[in-house]
Amino acid sequence: MALTLATAVELLDKHHLLREIIQGKTWSRNPARFAGSGDAFTSITYDTREVHAGTLLCCKGHFKADYLSGCDERGLKAYVAETDFSAECGAVGIIVDDIRKAMSLLSAEFYGRPQDELTVIGITGTKGKTTTAYFVQAILNAASDGKAALFSSVDNCLDGHSYKASALTTPESMDAFRMMREALDNGMCYLVMEVSSQAYKVNRVYGLTFDVGAFLNISPDHISPIEHPTFEDYLYCKRQITANSKALVLGADCDHADLIEEDAAAANVPVTTFALHTGDARNSGTAADTIAWPADKDHTAFHIEVAGATDTYKLRMDGDFNYANAAAALTIASLAGIDLSDTKISHAPENVRISGRMEQFRDSHGPNVAIVDFAHNFASVSALIDFTMERYGSKKPRITLVSGSAGGKAVDRRQEIIDAAQHRVDRIIITTDDPDRERAEDICETMQAAVNDPNVNSTIIVDRQKAVETAIGEAKAHDGFDVILIAGKGEEQWLKVDGKHAPYEGDTHIVTRLFS
């Protein structure tokens, strides 16, 4: 059904969002009182630069009245807003209580509700969302001959094989539904998407129900004046995935798992759990429906029991936590109706590589190892060091962490990254990591002020390329075995400075150059 003024108003009224319709001196709730109420909108946008004849404009965010200048002349048919702009615009104004909720609902309708024709999987958690999403997509692609799309914090994929860098973990609602329509038109049957806490905070996924939702884990993150004021708010936003899923996959060891299970029971959503056991036996940890446990003493392979069947997996992406992600992915795929008895399907995660995530490099001229990862908070930096000690601890390595923290958000990370590392590494080089509109020097100084262990050597080197080069140079000069942990940027060849991408060689590229 085409989206018209009449159908838009009916939809918004059904969801108790409609306040009134305004054009000039006419104020009404009845769309029939406005000319062309049955004509289909030709496009929908939240960017006034894209307005043309027949457009429906959603005035979201810090929208200013003067943005509407020239829109009447270009044929704007109607706008949706929380504010009456009739003094600045002659188009019909649909006034609503919540523009972001309205935009999500209207976008879905404009693009023909593509979510109804896709099996949609949503994955949330503090860490592991991206890796789990890639693992699930790999399984679904193997089962469907490449018909799984992906929305992730790293890339978006709308045709099962072509990947383009993404701007947001979870796209803006209008963009998400447009991309779903494109994926459907490309023949996709599945969509796997990361769902951030902000996606629920600002209603990017309002009205969207996941065929399978997953809640991997939770730890404090994204707590700042512009994100979540408290951990409770962060957790509450993430918990919204439960009631908005037909089935939920839950990490059995997740903090507050009991609360999430109560959410599921209240919404009549069935829960399937998964757990990672780091002992050498199946029953060495928390009981769960899906269990992963080591297949060897070095943890280079894991047994995973899912849907009553057990197999052994050896991932290209190392680390115990990635086997937890694989256990989650297999559980999600099983609930999505995938037959995991075919090993070509169930073992698809073994071939997954995500650039800049848990990538190990060995110096061709010496014993040293560098690990490049996107670790950027307490949980992920802790997991990175855990892996290092598990894999290389017997060699008594000198460990150097090169890390910074992003500007303008999650300010607690600056302390948390230091807290995760300072009693466990020998050296910390604090450097730039997407300072955006903050001074990189200020962020680095805040991090260094958090270092209170007299046994750790900390230095600020603001220039990230120089910081990585220094860490590797020191390792090469050291008579011993070094592990250099380079956290935060991975393969990204840019740094976000003053709202723009400034060129940067990239952590993986620097290591490759210096280790070859």
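How are α10 and α11 oriented to each other: roughly parallel or roughly antiparallel? I took this as my opening entry, keeping in mind that the model is predicted.

**Entry 1: helices α10 and α11**

I looked up helix α10 (residues 378–392) and helix α11 (residues 413–421), which pack at an angle of about 20°. Their axes are 8 Å apart. Angles under 35 degrees count as roughly parallel, and α10 and α11 are therefore roughly parallel to each other. I noted that α10 passes α11 in a right-handed crossing. From α10, the residues making the contact are Phe378, Val381, Ser382 and Ile385. From α11, they are Glu416, Ile417, Asp419, Ala420 and Ala421. Sorted by class, this contact of α10 with α11 has six nonpolar, one polar and two charged residues.

**Entry 2: helices α2 and α4**

I then turned to helix α2 (residues 99–110) and helix α4 (residues 173–185), whose axes lie 8 Å apart at an angle of about 15°. The pair α2 and α4 is therefore roughly parallel. Their crossing is right-handed. In α2, I found Met103, Ser104, Ser107 and Ala108 meeting Ser173, Met174 and Phe177 of α4. By class, the contact of α2 with α4 has four nonpolar and three polar residues, and no charged ones.

**Entry 3: the sheet of eleven strands**

I traced an open sheet of eleven strands with mixed pairing, in the order β10-β9-β8-β11-β7-β12-β13-β14-β15-β16-β17. Which strands stand at its edges? They are β10 (164–165) and β17 (309–313); each has a single partner strand, so one side of each is left without a neighbour in the sheet.

Within this sheet I checked some pairings. Strand β8 (residues 148–151) and strand β11 (residues 190–194) run parallel and are joined by four bridges. Leu150 has Val192 in β11 as its bridge partner. Strands β7 and β12 also run parallel, with four bridges between them, and Ile123 is partnered by Ala214 in β12. Three bridges join β12 to β13, again in parallel; here Gly213 stands opposite Leu248 in β13.

I recorded the general rule that side chains in a regular strand alternate between the two faces of the sheet. In β12, Val212 and Ala214 point one way, while Gly213 and Phe215 point the other way. I found that all four of these β12 residues are buried.

Helix α6 (residues 231–243) lies across β7 (119–124), β12 (212–215) and β13 (248–251), and runs at about 150° to β12. Helix α8 (residues 320–335) lies across β7, β12, β13, β14 (271–276), β15 (290–294), β16 (302–306) and β17. The direction of α8 is at about 160° to β14.

**Entry 4: the sheet of six strands**

I followed another open sheet, made of six strands in the order β18-β19-β23-β20-β21-β22, with mixed pairing. Its edge strands, β18 (359–362) and β22 (457–460), each pair on one side only. Direction ignored, neighbouring strands of this sheet are turned by 15° against each other on average. Strand β20 (residues 398–403) and strand β23 (residues 482–487) run parallel, joined by five bridges. Across this pair, Ile399 stands opposite Val483 in β23. Helix α12 (residues 440–449) packs on the sheet and touches β20, β21 (427–430) and β22. The direction of α12 makes about 170° with that of β22.

**Entry 5: Ala467**

Is Ala467 buried or exposed? I located Ala467 in helix α13 (residues 464–477). Buried means under 20% relative accessible area; Ala467 has 0%, so this residue is buried. Leaving aside neighbours within four places in sequence, Ala467 is in contact with Val402, Ile429, Thr431 and Ile461. I also looked up Val372, which is 95 residues from Ala467 along the chain; their C-alpha atoms are separated by 14 Å.

**Entry 6: positive phi values**

His16 has a positive phi, near 60°, and is not a glycine. His16 lies in the loop between α1 (5–14) and β1 (18–23), and counts as exposed at 67% relative accessibility. Ala307, also not a glycine, has a positive phi of about 50°. Ala307 sits in the loop between β16 and β17. With 63% relative accessibility, Ala307 counts as exposed.

Definitions and conventions. Residues are numbered from 1 along each chain as its sequence is written. This is a predicted model: local features need pLDDT of at least 70, side-chain atom pairs count only at pLDDT 80 or more; totals for chains, interfaces and linings use all residues. Side-chain values use heavy atoms; hydrogens and water are left out. Axes are lines fitted to C-alpha atoms, for helices over the stretch in contact, and angles run from 0 to 180 degrees between N-to-C directions. Helices (H or I, at least four residues) and strands (E, at least two) are DSSP runs, numbered from the N terminus. Angles under 35 degrees count as roughly parallel, over 145 as roughly antiparallel, 65 to 115 as roughly perpendicular and the rest as oblique. A crossing is left-handed if the near helix is turned anticlockwise from the far one by less than a right angle, and right-handed if clockwise. Contact means heavy atoms within 4.5 Å. Ala, Val, Leu, Ile, Met, Phe, Trp, Tyr, Cys and Pro count as nonpolar, Asp, Glu, Lys and Arg as charged, and the others, Gly among them, as polar. Buried means under 20% relative accessible area, exposed over 50%, partly exposed in between (1.4 Å probe, protein chains only). Two strands pair if DSSP finds at least two bridges between them.
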